[in-house]
Amino acid sequence: MSSVISSAKAHFSGQRLRHHNVPEWGSAGKPLKVHFGPLTVAQRRRIWRDESGATVDGNVAVVRAVLFNALDASGKRLFDDMDEHALMHEVDSDVVSRIGALILGFAKGQPVSAEQQIDDAKND
């Protein structure tokens with residue numbers, strides 16, 4: 001069994017960060033590149049569950065996906081936990097939803113394969 005878990009862990013750690021260009025959040029005519037990687041089960045749980053363990057609304061989940069998993073090129077979080085209110089109430093929901101859907105692996109309601117996301121990132 002240890003070889004299976006070792007292989008699974010190696011697969012996860014070997015995955016590259018993907019990115020999405022966000023022109024709305026860029027500067028000087030250059031889009032912001034929001035980077036993100038694959039999610040662990042624990043990360044998905046943090047996104048989709050509240051403190052009591054209840055499932056959160058999908059809108060909250062996309063905000064949390066951005067809040068917890070949007071990264072800069074070096075892998076540092078773009079937002080801290082205190083930014084959740086601003087992302088919920090002071091930021092364009094279309095932009096947050098677009099980024100969150102990509103992080104969660106969905107775009108336009110359809111699952112997006114890792115290969116497609118990588119191809120999309122190459123074309124950005």
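The model is predicted, so local features need pLDDT of at least 70 and side-chain atom pairs pLDDT 80 or more, while totals for chains, interfaces and linings use all residues. Residues are numbered from 1 along each chain as its sequence is written, and side-chain values use heavy atoms, without hydrogens and water.

The protein holds 6 helices and 4 strands (DSSP runs of H or I, at least four residues, and of E, at least two, numbered from the N terminus). From the N terminus on, their order is α-β-β-α-α-α-α-β-β-α. Of the 124 residues, 31% count as buried (under 20% relative accessible area; exposed is over 50% and partly exposed in between, with a 1.4 Å probe and protein chains only).

A search of the whole structure gives 1 aromatic pair (ring centres of Phe, Tyr or the six-membered ring of Trp within 6.5 Å; planes under 30 degrees apart are stacked, over 60 edge-to-face, the rest tilted). Trp25 and Phe79 form this edge-to-face pair, with 6.0 Å centre to centre and 80° between the planes. Trp25 belongs to strand S1 (residues 18-27) and Phe79 to the loop between helix H3 (58-69) and helix H4 (84-89), so the pair ties together parts 54 residues apart in sequence. Trp25 is partly exposed at 26% relative accessible area, whereas Phe79 is buried at 18%.

Helix H3 also contains Asn69, which is buried at 8% relative accessibility. Beyond neighbours within four places in sequence, Asn69 has contacts with residues including His35, Phe36 and Ile103 (heavy atoms within 4.5 Å).
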